[in-house]
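Please read the points below with the model open.

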Amino acid sequence: MNKKKNSPPLMETPVSCGFPSPAEQYIESPLDLNDLLVKRPAATFFVRAAGDSMLGAGIRPGDILVVDRSATPLDGSIVIACVDGEFTVKYLRRDDAGFRLEPANRKYRTIAFPEGRELRIFGVVTACIHQFAARKAKK
């Protein structure tokens, strides 16, 4: 069975977020979200976000994060890390002082890793899937 045939189509023309454009609803091809979001299937996992420490990065509680364990974490990458036995999602920062995990919400503190404190990175967040809550129509 071909998965592509069961995938919803991707519109060829992007939709305008400003003023409406002429209705150019040309269908490009089916869109498989795995093809779009998962570059290395054997190294990829999904995890649901909890908490609000990454709101400024567009990650909300309940969002699904796509995580690539084979991606190289760079300065500024959003990563899944283990700190003192607990998992967290934060920006990875590196400078002359070493590594640190930085939240995207001022309510939270940066986590520093002085000499001797272990930082374990489990993967790089490559995408965030955010669903909108259904709203009831006003009467």
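Is Cys 128 buried, partly exposed or exposed? Cys 128 is partly exposed, at a relative accessible area of 34%; buried means under 20%, exposed over 50%, and partly exposed in between, with a 1.4 Å probe and protein chains only.

1. Basis. This is a predicted model, in which local features need pLDDT of at least 70 and side-chain atom pairs count only at pLDDT 80 or more, while totals for chains, interfaces and linings use all residues. Residues are numbered from 1 along each chain as its sequence is written, and side-chain values use heavy atoms, leaving out hydrogens and water.

2. Cys 82 counts as buried, with 9% relative accessibility. The structure holds 0 disulfides (a disulfide is a pair of cysteine sulfur atoms within 2.5 Å).

3. Sheet order. An open sheet of 7 strands runs S3-S4-S9-S5-S6-S7-S8, with antiparallel pairing. S3 and S8 (111-112) are at the edges with a single partner strand each, so one side of each has no neighbour in the sheet. Strands (E, at least two residues) are DSSP runs numbered from the N terminus, and two strands pair if DSSP finds at least two bridges between them.

4. Strand S4. Of the 5 residues in S4 (residues 64-68), 4 are buried. S4 is joined antiparallel to S3 (residues 44-48) by 5 bridges, and to S9 (residues 120-129), also antiparallel, by 5 bridges. Asp 68 stands opposite Thr 44 and opposite Val 124 in S9.

5. S7 (residues 98-102) pairs with S8 over 2 bridges in the antiparallel sense. Here Leu 101 is opposite Ile 111 in S8.
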